[in-house]
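Visitor: I have a structure to go through. Can you walk me over it?

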Amino acid sequence: MKNLLVTGGAGFIGSNFINYILKNRDDVFIVNLDNLTYAGNLENLKACELHKNYKFIKGDICSRELVDEIFGKYNIKHVINFAAESHVDRSILGSEIFFTTNVIGTNVLLEAARRYEVERFLQISTDEVYGSLGPEGLFTESTPLSPNSPYSSSKASADLMALSFHHTYGLPVVITRCSNNYGPYQFPEKLIPLMIINSLNDKKLPVYGDGLNVRDWIYVVDHNRAAELVWEKGTPGEVYNVGAEQEMNNIEIIKLILSYLGKSEKLIEYMKDRPGHDRRYAIDASRIKNELAWKPEYKFEDAIKETIDWYLNNKPWWENIISGDYRDYYRNMYEKFYKH
Ligand code: NAD
Ligand code: DAU
């Protein structure tokens with residue numbers, strides 16, 4: 001049995017990871033440590049609540065005492081660190097919590113991993129650490145780090161710290177840097193769920209700048225298959241880019257969602273641009289493909305429809321979110337910050 005600490009497992013990608021692993025394997029015992037910020041939601045994990053190989057602990061990765069206790073009590077030998085403040089716009093409004101969770105929290109986990117001699121530590125990072133691309137070219141693992149937002153600079157800091165623990169102490173750290181994910185259980189502050197939900201509610205669709213910024217989209221299950229592989233088979237000290245070669249600009253995606261839902265393009269509303277808005281991300285995933293035989297299984301044109309259908313079929317999940325604190329966030333962001 002592999003005793004695996006998953007942090008941030010109640011969020012979008014982490015909950016999809018736990019659901020995927022517990023459905024497909026019986027040799028992994030998962031302890032999920034999550035302090036249930038606005039983005040954490042135990043509804044995402046209903047299917048595994050009572051699973052014999054699953055234990056949820058509500059708590060903060062920044063708490064050294066709690067983290068130590070968990071490593072000792074559950075004999076943790078593997079760590080996958082999904083926990084983070086993950087939204088660029090929120091990091092522009094206030095950065096402190098991003099550095100506390102994403103940097104200090106990662107440090108607490110790395111220190112415990114060192115003391116308890118873990119066999120593997122996977123740091124879930126992002127392609128945003130590389131900064132922004134022009135119209136040509138792809139991010140490779142040797143692209144220099146050049147993060148532009150408080151969010152991405154906190155993630156780059158955590159990457160460097162994790163690699164230094166490998167270099168200095170020999171801690172078996174591996175890192176994934178993935179592109180933009182989409183799929184079930186994504187919190188509706190992010191582009192795709194926000195546009196689906198606003199379309200369904202006939203609300204305006206707020207587009208930053210000219211809407212021509214490009215992201216390289218990957219279905220969350222493909223990311224998690226990559227995370228599973230890198231966790232178990234990646235070379236310690238190495239970074240693996242993850243992406244599915246599915247570049248799209250924002251307006252293309254929004255029009256596709258409107259057309260699938262039979263809604264008018266008149267809902268589109270152009271807003272101010274995001275400060276420091278990265279123009280384009282695109283991933284070269286050759287290393288993980290060649291070394292670990294990973295390849296994406298989902299095509300954007302199919303998985304985006306599955307995702308829209310998921311939001312159509314799971315209204316109570318998102319209605320519950322948008323009727324709470326999210327309303328204040330939305331007003332602040334879209335009726336003040338981004339309003340022309
Ligand atoms: P999310 O915001 O949906 O979930 C984050 C989770 O972390 C939440 O459950 C939250 O409660 C938990 N958390 C936050 N602070 C914590 C703390 N101090 N202690 C314990 N738990 C805490 O994020 P996501 O989109 O699922 O992203 C997960 C990871 O993947 C992040 O590290 C992010 O940087 C990275 N990533 C995300 C994407 C993407 O497109 N969403 C792409 C590449 C990488
Ligand atoms: O690239 C990986 C990263 O992708 C992850 O590390 C981050 O955690 C994740 O949030 C995501 O960051 P982005 O900033 O690319 O995602 P977001 O969904 O916020 O925005 C995608 C694009 O859509 C971006 O160009 C900004 C634009 N956008 C976004 C929102 C929320 C809009 O035009 N309007 C919006 O309302």
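Visitor: Which element gives the most to the shell around ligand 2?

Guide: Strand β8 does, with three residues. Helices (H or I, at least four residues) and strands (E, at least two) are DSSP runs, numbered from the N terminus. Before going on, this is a predicted model: local features need pLDDT of at least 70, side-chain atom pairs count only at pLDDT 80 or more, and totals for chains, interfaces and linings use all residues. Residues are numbered from 1 along each chain as its sequence is written, chains are lettered from A and ligands numbered from 1 in the order in which they are written, and side-chain values use heavy atoms, with hydrogens and water left out.

Visitor: Fine. How many residues surround ligand 2, and which are closest?

Guide: There are 24, and the closest are D127, E128, Y151, R274 and H277. A residue is near a molecule if one of its heavy atoms lies within 4 Å of it. By class the shell has ten nonpolar, eight polar and six charged residues. Here Ala, Val, Leu, Ile, Met, Phe, Trp, Tyr, Cys and Pro count as nonpolar, Asp, Glu, Lys and Arg as charged, and the others, Gly among them, as polar.

Visitor: Which polar side-chain atoms lie 2.7 Å from an oxygen atom of ligand 2?

Guide: One belongs to E128 and one to Y334. A polar backbone atom of L191 is 2.8 Å from an oxygen atom of ligand 2. On its own, ligand 2 has 690 Å² of accessible area, and the protein covers 94% of it. Such areas come from the Shrake-Rupley method with a 1.4 Å probe; for residues, only the protein chains shown count as cover.

Visitor: Now ligand 1. What comes nearest?

Guide: I13, D34, S86, Y151 and K155, out of 28 residues around ligand 1. A polar side-chain atom of D34 lies 2.6 Å from an oxygen atom of ligand 1. Backbone polar atoms also approach ligand 1 oxygens: G11 at 2.9 Å and T37 at 3.0 Å. The protein buries 96% of the 840 Å² that ligand 1 exposes when taken alone.

Visitor: Which elements supply at least two residues of that shell around ligand 1?

Guide: α1 (12–24), β5 (120–126), α5 (150–169) and β7 (180–182). β5 gives the most, with three residues.

Visitor: Is α1 enclosed or open, and why?

Guide: α1 is largely enclosed by the rest of the structure, because ten of its 13 residues are buried. Buried means under 20% relative accessible area, exposed over 50%, and partly exposed in between (1.4 Å probe, protein chains only). Cover for the buried residues of α1 includes β1, β2 (28–34) and α7 (220–233).

Visitor: You mention β1. Where does T7 sit, and what does its side chain make a polar contact with?

Guide: T7 is in strand β1, residues 2–7, and is buried at 0% relative accessible area. Its side chain makes a polar contact with the side chain of N81 at 2.6 Å. A polar contact is a pair of N or O atoms within 3.5 Å; within protein, one must be able to donate a hydrogen and the other to accept it, and residues adjacent in sequence count only if both atoms are side-chain atoms.

Visitor: Different topic. What is the phi of E117?

Guide: Positive, about 50 degrees, although E117 is not a glycine. Most residues other than glycine have a negative phi. E117 lies in the loop between α4 (96–115) and β5 and is exposed, with a relative accessible area of 62%.

Visitor: And where is A293 found?

Guide: In the loop between α9 (286–292) and α10 (300–313). A293 has a positive phi near 60 degrees, and A293 counts as exposed at 66% relative accessibility.

Notes:
Contact means heavy atoms within 4.5 Å.
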